[in-house]
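Subject: Structure handover

Hello,

Here is the structure we talked about. Please open it alongside this note. My findings follow below.

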Amino acid sequence: MSEPGPDALVGRAVETAVLRDRLESAGRGHGRLLVCSGEPGIGKTRLAQELAAAALARGTAVAWARCVEDEGAPAYWPWQQVLRTVDGGALTALAAVPAASPQDRFRVRDGIAEAVTGFGRPLLVVLDDLQWCDEPSLAVLRHLADRLDTVPVLVCATWRDTEPDAPGLLPDLLRAPRAEELHVRGLDLAAVREQLDAFGAADGVAAATVLEATGGNPLLVREIARAVADGTWREDRVPRSVRDVVAARMARLGAGCREFVQAAAVVGTRFPPALVAAVLGGPLDGADVDEAVARGLLDRDGGTGELRFVHALTRDAVVAAVPTAKRLALHRATAEALAARHAGDVADHLDEIARHRLALAGYGEAETAREWVLRAATEAARRLAFDQAARQYSTALALPAAWADPVQRHGAEVALGRAAYLAGDLDAAVAAAAAAARTARAAARPDLLAEAALVLDAVTDPAVNAATAELCTEALAVAGDAPAPRARLLALRSSLAFYAGDRDSTATASAEALRLARAAGDDEALVAALRARLDACPGVAGVGERLRLADEMAGVADRTGGAYPALWARLWRVDALMEAGAVASAAEQVAPLGRAAARVGGPVAAWHRDRVAGCVAQAQGRFADAEASSARAFERMRAIEPAAALGVRLGQLSALARHAGTSQAGLGFALSAATPPPRFVTLAQLARAFLLLRAGRAEEAAARYVQAGAPESWTWPVFYVAQGFTLAVLLTAGLGRPADLRAARAGLAAFRGQHVAGGGVNYHGPVELTLGLGALALGELDAAVDDLVVALDRARGAAAPGFAAEAGHLLAAALLARAAPGDRDRARRAAAESDPVLRALGMEPYLGASAELRRRLGGGDGGLSVRESEVARLVGEGLTNRQIAARLVISERTAGNHVQNVLTKLGFSSRSQIAAWNARRETDG
């Protein structure tokens with residue numbers, strides 16, 4: 001067996017075995033994310049290269065991407081490299097739409113993840129030097145990591161765990177179901193000795209000395225081995241870093257090669273040779289390139305024609321050794337060469353140019369640097385990389401050069417605020433808005449003060465809203481009479497008042513904003529004012545105006561071609577129709593709403609589509625469809641606006657529990673401890689309590705109910721008052737709390753004649769249905785019958801079959817309990833109509849009660865066949881399935897099937913319930 005050469009991989013048998021095992025598993029459709037972590041030079045990239053070679057040998061496609069340090073990395077740069085292999089046009093298409101909101105950014109990362117997971121055959125993705133990855137690209141990786149468990153994709157990322165500015169991403173990434181870390185450690189003594197021997201350096205230095213000096217870092221081991229082999233090693237000066245080794249090797253280079261390597265190091269870790277030629281002002285000598293490669297400083301990068309430093313540390317060491325004046329000249333030449341080389345597509349290289357210009361900022365060129373950094377920031381925002389844009393705007397604002405025009409500074413501060421806001425950094429957004437306001441004051445520009453205030457929007461954070469309100473008030477005080485900016489400011493004030501629960505201020509500010517926006521003929525102001533005005537029109541009393549607002553917003557959409565106005569118009573129309581009890585008409589709007597959402601794109605628009613589709617499906621009794629839509633909506637929104645996602649999901653799960661029971665997902669939400677916004681605390685507590693009650697966990701439901709406080713302390717969001725009292729009635733009736741039930745029923749009675757709906761979240765049927773349920777629980781039978789007769793008629797008119805069936809069942813129960821002349825016949829007819837619908841829709845909470853009711857009304861078999869009735873009687877005697885089979889001379893399996901049918905038809909979950917039912921039947925008989 002031949003001896004290993006200098007380039008052989010030594011001391012990595014365990015790591016290599018792990019990599020090959022994960023590759024084979026991915027090939028079988030069990031993908032994963034594998035993060036190879038370790039210090040610089042430890043061999044992470046070398047292991048990834050071995051993995052790539054193994055992948056290619058087995059026919060697996062390989063997409064290799066290298067991250068670039070600091071601001072030099074364009075947005076989504078590593079994924080641009082990956083998509084060259086996976087789908088060359090995917091990212092270009094995804095990034096073509098200008099940035100408008102967080103959902104656009106999500107649309108890009110979801111599209112990239114879809115391109116990778118939908119590649120169609122086994123794929124290895126290598127992300128090298130992840131510590132330099134831009135935040136948008138990390139967001140893509142986080143998103144992708146959750147989708148790897150069922151696709152033949154292995155993502156191998158290398159990450160320096162000693163980089164001081166590296167993002168703390170491992171805990172986040174490793175939460176994915178099939179993510180793991182492979183921590184790469186230093187070589188042991190035997191491996192160090194083997195590496196030295198491969199270079200012919202084993203006799204020149206003790207392996208133990210090298211191990212002590214390097215900690216087993218393979219890069220440093222190899223560098224020392226090379227130094228020993230070429231005679232530059234001195235044992236009394238053991239190199240402690242790559243810089244020392246590289247400096248010694250640089251001294252041995254020819255003059256031309258040294259100039260080339262220094263220029264290349266300033267250009268970057270990976271570069272096209274032609275760019276270095278442009279920096280040096282003349283063609284490269286191929287011999288210089290060959291020498292740099294032969295000396296182990298550079299490596300050729302596959303078939304791309306580019307070169308790269310064998311390790312970033314090598315490049316860093318070279319840059320550090322370049323004299324300051326020469327380094328600055330090379331940065332300047334590189335920036336100029338990049339601008340000239342990419343004049344036609346400079347947007348793709350603004351980050352790189354800005355990085356080189358920044359290197360010159362401290363030497364009298366700060367103004368030029370700021371110009372390029374601002375351009376790079378603007379481009380990053382356009383490409384939805386808001387985190388990167390915010391960092392670059394901050395960098396530009398921190399440069400020492402004076403601003404000739406305060407308007408330009410103000411524009412950068414406003415842009416920083418908006419980028420930070422869209423990136424989810426509300427503290428930075430508030431600080432930027434405050435800075436923009438200071439600049440506006442100093443310039444005596446009230447119009448700029450308005451722009452500073454409009455950086456922010458009303459949110460669930462009271463502190464942010466307080467800062468926003470202060471700026472808005474100040475801007476309004478000096479805004480003058482210009483209608484458009486004043487309308488936008490008043491719309492903001494209205495939204496802030498809405499979040500504060502100030503309905504009067506919401507109404508007055510939104511009305512004035514809408515008047516001014518219409519007078520100004522400014523569509524941007526009109527959209528803001530229409531959205532603000534919607535908040536002032538809750539309940540059935542506001543349905544008519546909300547429909548008119550929807551029509552006006554649709555007019556803006558038609559006039560401007562705007563996708564967002566079209567979406568809002570459709571959403572508002574569906575919400576209003578549901579609240580008016582026009583479920584069938586609302587259902588007709590779902591498809592056009594879906595088309596409007598598709599035009600907008602992104603997860604938030606899709607969230608609106610899915611939550612509304614779920615609400616309509618729940619109202620129509622399509623519970624499986626409703627659950628699927630609700631779950632999709634939650635997954636889309638949970639990472640963007642967690643509070644909104646949680647609130648809608650809780651509302652939809654609790655509405656589904658009314659008719660379909662509590663699902664496992666619903667039970668999980670019921671037991672969670674997530675804190676909702678202040679206005680939603682009572683509603684969330686009651687929703688969780690109801691989910692527990694419907695899950696059969698009455699004691700826990702009671703405990704959760706108590707946490708919501710006494711009825712007099714309940715507070716409801718303005719659009720969800722009827723929903724709140726509805727949940728309260730359902731809970732207090734189910735928990736047997738008559739005093740609280742009376743209070744809840746009194747609160748709900750204010751909404752007689754209406755339907756319980758709002759915000760396109762859920763539907764609870766006619767108000768009279770829940771009022772009748774509460775009256776029945778209190779024994780107020782005349783009131784119950786009156787309300788339930790109305791509820792049955794209105795639910796049928798609304799085309800809400802589940803609610804009609806519930807009303808019919810409760811009406812039958814109330815009539816049977818009242819027992820007035822003719823009530824029993826009326827009850828029998830109501831039960832006969834409701835029971836088949838309850839069964840057809842699978843309304844589990846009512847099946848057992850309906851079967852029992854029919855038995856009491858004269859259908860004593862509870863819907864059971866003769867054989868099933870006989871089996872139920874034997875279960876009541878305590879017989880097992882085997883004993884029943886023997887008694888009836890049937891197979892044990894058939895007996896078990898009969899028992900299961902009895903449980904299903906009676907709506908029971910245990911044999912003891914069958915026994916109790918059978919006993920009651922015999923007693924009543």
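In helix H44 (residues 866-876), the buried residues are Glu868, Ser869, Val871, Ala872, Leu874 and Val875. Buried means under 20% relative accessible area, exposed means over 50%, and partly exposed lies in between (1.4 Å probe, protein chains only). Helices are DSSP runs (H or I, at least four residues), numbered from the N terminus. After H44 comes Gly878, with a positive phi near 90°.

Before you read on: this is a predicted model, so local features need pLDDT of at least 70, side-chain atom pairs count only at pLDDT 80 or more, and totals for chains, interfaces and linings use all residues. Residues are numbered from 1 along each chain as its sequence is written, and side-chain values use heavy atoms, with hydrogens and water left out.

Next, a helix pair. H24 (residues 483-499) packs with H25 (residues 503-520) at an angle of about 160°, and their axes are 8 Å apart. Axes are lines fitted to C-alpha atoms over the stretch in contact, and angles run from 0 to 180 degrees between N-to-C directions. On the H24 side, the contact residues include Leu490, Ala491 and Phe498; on the H25 side, they include Ala513, Leu516 and Ala517. Contact means heavy atoms within 4.5 Å. By class, this contact has 12 nonpolar, four polar and three charged residues. Nonpolar covers Ala, Val, Leu, Ile, Met, Phe, Trp, Tyr, Cys and Pro; charged covers Asp, Glu, Lys and Arg; the others, Gly among them, are polar.

Now the salt bridges. The structure holds 51. Each is a side-chain nitrogen of Lys or Arg within 4 Å of a carboxyl oxygen of Asp or Glu.

- Arg12 with Glu15, at 3.4 Å, N to O. Arg12 is buried at 5% relative accessibility, and Glu15 is buried at 12%.
- Arg46 with Glu50, at 2.7 Å, N to O. Both lie in helix H2 (residues 44-57), four residues apart, about one turn of the helix. Arg46 is partly exposed at 24%, as is Glu50 at 26%.
- Glu700 with Arg697, the closest N and O atoms being 2.6 Å apart. Glu700 is partly exposed at 34%, and Arg697 is partly exposed at 28%.

Salt bridges that share partners also join Asp21, Arg22, Arg32 and Glu180 into one network.

Best wishes

Definitions and conventions. Helices (H or I, at least four residues) and strands (E, at least two) are DSSP runs, numbered from the N terminus.
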